[in-house]
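Please have the model open as you read.

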Amino acid sequence: MKTAAVFSMMFLVSMLLPMVAPEDDSTSEQDVYIVYTGGANPANLAVKESLINRVLVRKNLFDMVTTYQHGLAGFAARMSSSEAMFISQQPGVLSVFKDSYLKPLTTRSWDFLGEPAAPFAGFEDVVVPASSEVVIGFIDTGIWPESPSFRVGKVSRAPPADWKGICETAKDFNSSACNGKIVGARSYVNGSSARDIHGHGSHVASTAAGMAVKASYHGFAAGTARGGSESSRIAVYKACGLEGCKSSAILKAFDDAISDGVRVISASIGPDETDGPIDPLDYLLNDPVMLGAFHAVERGITVVCAAGNRGPLPGTVLNDAPWTITVAAATIDRDFRANVLLGSGTIIKGEGIVFHRLNGSAIHPLTSGEAAKERKATNHAARDCQTGSLSMSRVEGKVVFCETRDKKTALDLQVYEVINNGGLGIIIENDFLKRVANYYGGFDIATTVISTKESLKLKDYLKSTKKPIAKILPTVQIGNYKPAPEVAFFSSPGPSASSPDITAPGVDILAAWSSDERFTEASDRGYTIDSGTSMACPHISGVAANIRSGMPSLSPSGVKSAMMTTAVSTNNAGGPIRTYNGELASPYEMGAGMVHPAGAVDPGLIYETTMEDIRHFLCYRGYSTSTVKALSTTASPSFSCPPGGANLDRISSLNYPSISVRVSRTSRTVTRRLTNIAATTGEGTCWVYKASVVGVDTEEGVVVKVVPTELSFAEVGETKEFSVTFVRSNAGKKVVSGWIEWTNPRFTVRSVFVASMD
C-alpha cells in the first residue's frame with residue numbers, strides 16, 4: 001500500500017440507502033481523507049453530494065477541505081479513521097484514502113535535442129511563432145512571475161479564446177503576473193499565493209515553455225536558457241509547498257485544470273522514495289496523480305509525468321499508467337569536471353561545481369573519513385562520513401575523502417558532516433553520481449565526486465605518505481561531451497506494464513528559479529542547474545505542446561505515439577544509448593529512446609490507444625465492470641469487461657506504441673493498428689510502408705515475424721492492422737528487445753518491443 005490507510009469498496013448505485021453514522025468520535029485523532037466516487041458524471045456527483053449532505057454536514061463530523069466536480073467526483077474532509085471506514089462502506093464509494101504528501105521529483109538541453117532556436121536578442125522581445133492556443137498546466141510549487149523566462153514577448157496578452165481559468169491575486173502576486181504568457185494561477189497551499197518560493201515550479205515551467213534568456217549558473221552552463229515551446233501559455237496550479245504536495249491539493253489541481261481548458265498537464269511529482277511497494281489495484285484508486293491523469297486524458301488532455309528518482313533499482317518506475325507519458329532522465333553533452341590534484345602530482349578525475357576558496361593556489365592537508373573517526377563511531381560510519389562519525393580535531397582545515405559503501409548514505413549529509421567539523425573540502429567516492437554535477441555546500445565547501453576506479457589512486461596515495469595533501473581544482477566545463485545521452489543513475493526503470501515511455505534531458509539542466517531572498521544561494525540571478533526526472537518531464541511537456549499546436553485534434557495517445565515512434569536510440573558518438581555504468585540501455589530504462597522534437601511533430605503514422613483499450617487495461621488488472629464504468633465517464637451503458645477476469649498477459653494486446661509480451665510457450669502473437677495522419681503524396685497515390693525487425697539476432701533465442709510486411713494508406717485517417725509473432729527458437733536470452741520499423745522514403749515509424757521468455 002502506498003498510503004497509510006486505504007478502504008475500497010466497489011459499488012455503484014444512483015441513490016444512497018438510508019445511512020446511520022457512527023457515534024461522534026471527535027475526541028479521537030482526526031486526519032484528512034479523500035473520498036472518491038468516480039468520474040464526474042451526474043450519478044457519481046449525486047453520490048458525492050448525498051454523502052456530504054446526509055451524513056457529514058448533518059452529523060457535523062468533519063471539516064471540509066475541498067470538493068471535486070469537474071473531472072472527478074468526490075471530496076476531501078477531516079475525519080477519524082472510524083468515520084472514514086464508515087464512509088468507505090457506503091454504496092457508490094470507490095475508495096477512501098488518507099491525504100498524504102507526495103513531492104517534486106527533483107539551457108543547452110534543447111540545442112542538444114536539435115530543436116530549432118528562435119533568434120536571441122538579449123532581454124528584448126524575441127521573435128517567436130504566432131501566439132499558441134495551447135496552455136500547459138503545471139502542477140508544482142508555483143511560479144516566479146518576474147523571471148525574464150516568463151515575459152510576454154510576442155505572445156498575445158489576451159488568453160486563448162476558450163480559456164476559462166483564473167488568476168488568483170494576493171499581496172505578493174498581483175494581476176499583472178498573468179501577462180498573457182502566464183494565463184492562470186491558482187494555489188492550494190494554505191496561506192500561500194501561486195508565487196514559487198521553492199524554485200522547482202519555475203524551473204519546470206521555463207524548461208517547457210520559457211522565453212529565450214541569456215543565463216548561467218555563476219558562470220557555468222552559460223548560454224541561452226529557453227523552453228521547448230516558447231509560444232505556449234502557462235497555467236500554474238500550486239499544489240506543493242515546502243513540505244511537499246498534498247494528495248488532496250493534487251486532485252484539486254487536476255480537477256481545476258480540466259475545467260480551465262489546458263491542453264497539456266505537466267506533473268513532475270510522485271511518492272517519496274521511502275514509500276513501500278505499490279499494490280497494483282491501489283495505484284489508480286488511491287494515487288492522486290494517476291487518478292487525476294486518468295480523468296484529464298479521458299477529456300482529451302495530454303498528461304506528462306516524471307518516472308521517479310528511485311533508480312537504478314529495477315521495477316521502481318512511477319506514474320507508469322498507459323494513459324500518461326512517463327519520462328526517464330538522461331544526460332546531455334555537457335560535463336562539469338572538478339578534478340583533484342594530489343601532492344604526488346597525480347590528477348584524480350572528479351565531477352562537481354566548485355565555488356569555494358580552495359580555487360586558490362594553496363594545497364591543503366588530506367585525510368580520510370576513517371582516519372578522522374570520532375572515538376565512539378564505527379569504522380563503517382566514519383568511512384562514509386555519516387552524521388556524527390567524524391572528529392573535529394581531525395577534520396578541521398582539511399580536505400576529507402569519504403567513501404559511500406552504504407548506498408543509503410545521503411551525499412548532502414556527508415557534506416554537512418564535514419562542514420560541521422570544519423573541513424575545507426570533500427572528495428566523495430560514488431559511482432552513481434559521477435555524471436551529475438553537485439554543488440552541495442554551495443560556497444561553504446569545495447565538493448567533488450569521483451568513481452571507485454579513480455578512488456584507488458587516492459587510496460594508494462594516502463598509504464604512501466604520512467602527510468598527504470590535495471587540492472580540489474576549479475570546475476572546468478566540457479562541451480560536446482561524448483557519449484551522450486546516458487540514462488541517469490537515478491532515473492527509475494521498469495519492468496512494469498508500460499515502463500518509462502520515453503527519455504529526455506534531466507541532468508544538469510539550467511532554467512529559471514525562485515529569487516526569494518531566503519534561497520538566493522541556490523540560484524544566480526534567478527537561474528540554477530538542477531537534475532532529476534522532474535527536469536526531464538517538462539522537456540516532453542514542451543514537445544507535447546508543439547504537437548498539440550500543429551495538430552489540435554490529435555488525441556493524448558496520438559501525441560504519445562508521435563514521440564515514441566520517432567525517438568532515437570543512438571548517442572552522439574554513433575553508438576547505442578547506454579546507462580550511467582556503460583551498459584546498453586534497455587527499454588526498461590529508456591523506453592522508446594531519446595525524444596526527437598522535430599520528428600515528433602510529423603510522425604506519419606500513430607498508434608491510437610482508445611479509451612476502450614484503457615478500460616480493458618483496467619479489466620485485465622482486476623477491476624470489475626462496475627468499477628470501470630464508475631471511473632470512466634465515456635464508457636457506454638453496455639460496456640462490460642471481457643470474460644476471463646484479471647489477466648496481465650492480455651495487456652499486451654492493447655494498441656500501445658510499444659510491445660511488452662511474455663512468451664510462455666512456443667510462440668505468442670499480438671496485433672496492432674496504425675493510423676495515417678500524413679497527407680498523401682497526391683491524387684491516386686498512397687503511402688506505402690515496409691516492415692523490418694531491428695536489433696534481434698538469431699542467437700538470442702527468438703524469431704520475430706510481422707504480417708503483413710507491407711501497409712498502404714490512401715487517405716488521412718485510414719487505419720491498418722498487422723500482427724507480430726514471437727517464436728521461441730532455442731534457449732537464448734530470457735529477455736529480448738528490439739524494434740519493429742515501418743519505413744518509406746519519408747518516414748520511419750519505430751515500435752520498441754520487449755519479449756520475456758518465461
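## Helices and cysteines

On helix H11, the face turned away from the buried side carries the exposed residues Lys453, Asp460, Lys463 and Ser464. Here, exposed means over 50% relative accessible area, buried under 20%, and partly exposed in between (1.4 Å probe, protein chains only). Helices (H or I, at least four residues) and strands (E, at least two) are DSSP runs, numbered from the N terminus.

A word on the source: this is a predicted model, in which local features need pLDDT of at least 70 and side-chain atom pairs count only at pLDDT 80 or more, while totals for chains, interfaces and linings use all residues. Residues are numbered from 1 along each chain as its sequence is written, and side-chain values use heavy atoms, with hydrogens and water left out.

Back to H11: its buried residues are Glu454, Ser455, Leu458 and Tyr461. Seen down the helix axis, these buried residues fall within an arc of 115°, so they line one face of H11. That arc is taken from the directions from the helix axis to the C-beta atoms.

H12 is mostly covered, with 15 of its 18 residues buried. Helix H12 covers residues 533-550, and its end C-alpha atoms are 26 Å apart, which agrees with the 26 Å that its 18 residues should span at 1.5 Å a residue. The expected span is 1.5 Å times one less than the number of residues.

Zooming out, the protein chain has 17 helices and 40 strands, and buried residues make up 59% of its 758 residues.

Now to the cysteines. A search of the whole structure finds four disulfides, a disulfide being a pair of cysteine sulfur atoms within 2.5 Å. Counting bonded cysteines along the chain, the pattern is 1-2, 3-4, 5-6, 7-8. Three of these links, among them, are:

| Pair | S-S distance |
|---|---|
| Cysteine 240 and cysteine 245 | 2.0 Å |
| Cysteine 385 and cysteine 402 | 2.0 Å |
| Cysteine 619 and cysteine 641 | 2.0 Å |

The link of cysteine 619 and cysteine 641 has a torsion of about -75° about the S-S bond, so this disulfide is left-handed. This pair joins distant parts of the chain, 22 residues apart: cysteine 619 lies in helix H16 (residues 611-620), and cysteine 641 in the loop between helix H17 (625-631) and strand E33 (659-662). With 105° about the S-S bond, the link of cysteine 240 and cysteine 245 is right-handed.

How far is the sulfur of cysteine 305 from the closest cysteine sulfur? The distance is 6.3 Å, to cysteine 537, too far for a bond.
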